[in-house]
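The following note sets out points for a colleague who wishes to examine this model in detail. Please read the points beside the sequence and the coordinates.

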Amino acid sequence: MLFYASTYSDIKQAGKDQVILLPLGAIEQHGPHLSVSTDTDIVTQLALQAEKALPDTVLLCPTLPYGSSHHHLAFGGTMSLAPELYTQVIIDLVQSLVLSGHQRIVLLNGHGGNITPVKQALAVLSKRFDASHQPTIALATYWELAGGVFGGEAPMESPALSHACEYETSLMLHLFPEKVWMDRVERAQRPERNGYIGWEDDEPYRGVTVFKQTEFISSNGSSGEPQLGTAQKGKHLFKHALQALVIFLESFKSWPLSENLTTKP
């Protein structure tokens with residue numbers, strides 16, 4: 001069911017057993033060759049196809065198209081909510097759903113910069129509603145949910161999804177080829193490898209995090225190996241991402257609602 005195409009009575013009748021799916025995107029530069037709508041486009045298509053696959057399970061909300069993208073502001077086309085404001089936006093939107101009686105809510109994320117502020121929002125929402133409403137609210141970032149297919153498994157040739165990279169370029173070539181300009185692709189200049197910090201694509205995560213504005217880690221706003229992107233790779237990635245999402249949503253629907261274990265005899 002599409003949340004935005006339903007009336008109040010339709011949504012209320014859907015009941016507490018359905019999973020509310022709220023996609024989270026971003027509007028930000030994606031190097032010289034991809035649309036600024038890339039993150040929003042990909043996550044929206046995943047959500048729409050998941051709703052089609054599970055029409056009796058999923059209640060699909062409109063995508064929140066703007067994300068936390070301040071680190072991209074040096075490159076044109078970026079529209080960003082500051083992290084602390086983005087956290088509050090998520091709190092307010094999810095609170096609206098919880099107060100409407102919904103207890104199973106999935107935030108389907110399509111932009112890396114959203115992860116930290118959304119986790120902070122989940123902490124606030126847990127403190128606010130665990131005792132009174134007992135919701136289970138999950139953040140699911142699609143490339144993390146899909147696992148190895150976004151971590152260098154064939155047919156992919158670069159080690160991991162990053163930004164305007166082989167992976168996102170391939171997905172957009174599959175889903176929205178009219179929003180990809182392969183004649184503009186160029187491998188960005190990146191900081192030297194140091195064995196610990198991946199700068200989004202060069203090293204595996206080893207527990208060390210350094211945050212830098214994009215212009216300090218990329219000469220043109222992209223990262224990874226966008227020249228390796230193909231529509232066929234994108235079809236492969238989308239298939240596996242959608243499969244992983246559908247499996248998760250089917251499982252999430254059946255999770256028991258949380259109990260306060262200290263009050264049990």
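In which sense, left-handed or right-handed, does α2 pass α6? The crossing of α2 over α6 is left-handed, a term applied when the near helix is turned anticlockwise from the far one by less than a right angle, with right-handed for clockwise.

This is a predicted model, in which local features need pLDDT of at least 70 and side-chain atom pairs count only at pLDDT 80 or more, while totals for chains, interfaces and linings use all residues. Residues are numbered from 1 along each chain as its sequence is written, and side-chain values use heavy atoms, with hydrogens and water left out.

1. Packing of α2 and α6. Two packed helices are described by the angle between their axes and the distance between the axes. Here helix α2 (residues 38–53) and helix α6 (residues 166–175) meet at an angle of about 65°, and their axes are 10 Å apart. Axes are lines fitted to C-alpha atoms, for helices over the stretch in contact, and angles run from 0 to 180 degrees between N-to-C directions. Helices (H or I, at least four residues) and strands (E, at least two) are DSSP runs, numbered from the N terminus.

2. Residues of that contact. From α2 the contributors are Thr-38, Asp-39, Asp-41, Ile-42 and Gln-45, and from α6 they are Glu-168, Leu-171, Met-172 and Leu-175; contact means heavy atoms within 4.5 Å. By class, the residues of the contact of α2 with α6 comprise four nonpolar, two polar and three charged. In this scheme Ala, Val, Leu, Ile, Met, Phe, Trp, Tyr, Cys and Pro count as nonpolar, Asp, Glu, Lys and Arg as charged, and the others, Gly among them, as polar.

3. Burial of α6. Nine of the 10 residues of α6 are buried, so this helix is largely enclosed by the rest of the structure. Buried means under 20% relative accessible area, exposed over 50%, and partly exposed in between (1.4 Å probe, protein chains only). The buried residues of α6 are Glu-166, Tyr-167, Glu-168, Thr-169, Ser-170, Leu-171, Met-172, Leu-173 and Leu-175. Their cover includes α2, α5 and α7 (231–253).

4. Met-172, in helix α6, counts as buried at 0% relative accessibility. Leaving aside residues up to four places away in sequence, Met-172 touches Leu-34, Thr-38, Asp-41, Ile-42, Pro-177, Lys-179 and Val-180. Between Met-172 and Ser-35 there are 137 residues in sequence, yet 8.9 Å in space, C-alpha to C-alpha. Ser-35 belongs to the loop between β1 and α2 and is buried, at 13% relative accessibility. With residues up to four places away in sequence not counted, Ser-35 touches Glu-28, His-30, Lys-179 and Trp-181.

5. Pro-32. The loop between β1 and α2 also holds Pro-32, which is partly exposed at 29% relative accessibility. Pro-32 touches Arg-184, Glu-186 and Asn-220, not counting residues up to four places away in sequence.

6. Helix α3. The 17 residues of helix α3 (residues 83–99) should span 24 Å at 1.5 Å a residue, and the end C-alpha atoms are 24 Å apart, in agreement; the expected span is 1.5 Å times one less than the number of residues. Buried in α3 are Tyr-86, Thr-87, Ile-90, Ile-91, Val-94, Leu-97 and Val-98. Seen down the axis of α3, these buried residues fall within an arc of 140°, so they line one face of the helix; the arc is that of the directions from the helix axis to the C-beta atoms. The face turned away from the buried side of α3 carries the exposed residues Glu-84 and Leu-99. Covering the buried residues of α3 are, among others, β1 (19–24), β3 (104–109), α4 (115–129) and β4 (136–141).

7. Backbone features to inspect. Most residues other than glycine have a negative phi, and most peptide bonds are trans. The peptide bond from Ala-154 to Pro-155 is cis, with omega near 15°, and Pro-155 lies in the loop between α5 (142–146) and α6. Ala-164, found in the loop between α5 and α6, has a positive phi near 55° and is buried, with a relative accessible area of 0%. Gln-134, in the loop between α4 and β4, has a positive phi near 55° and is partly exposed at 32% relative accessibility. Gly-101, which follows α3, has a positive phi near 105°.
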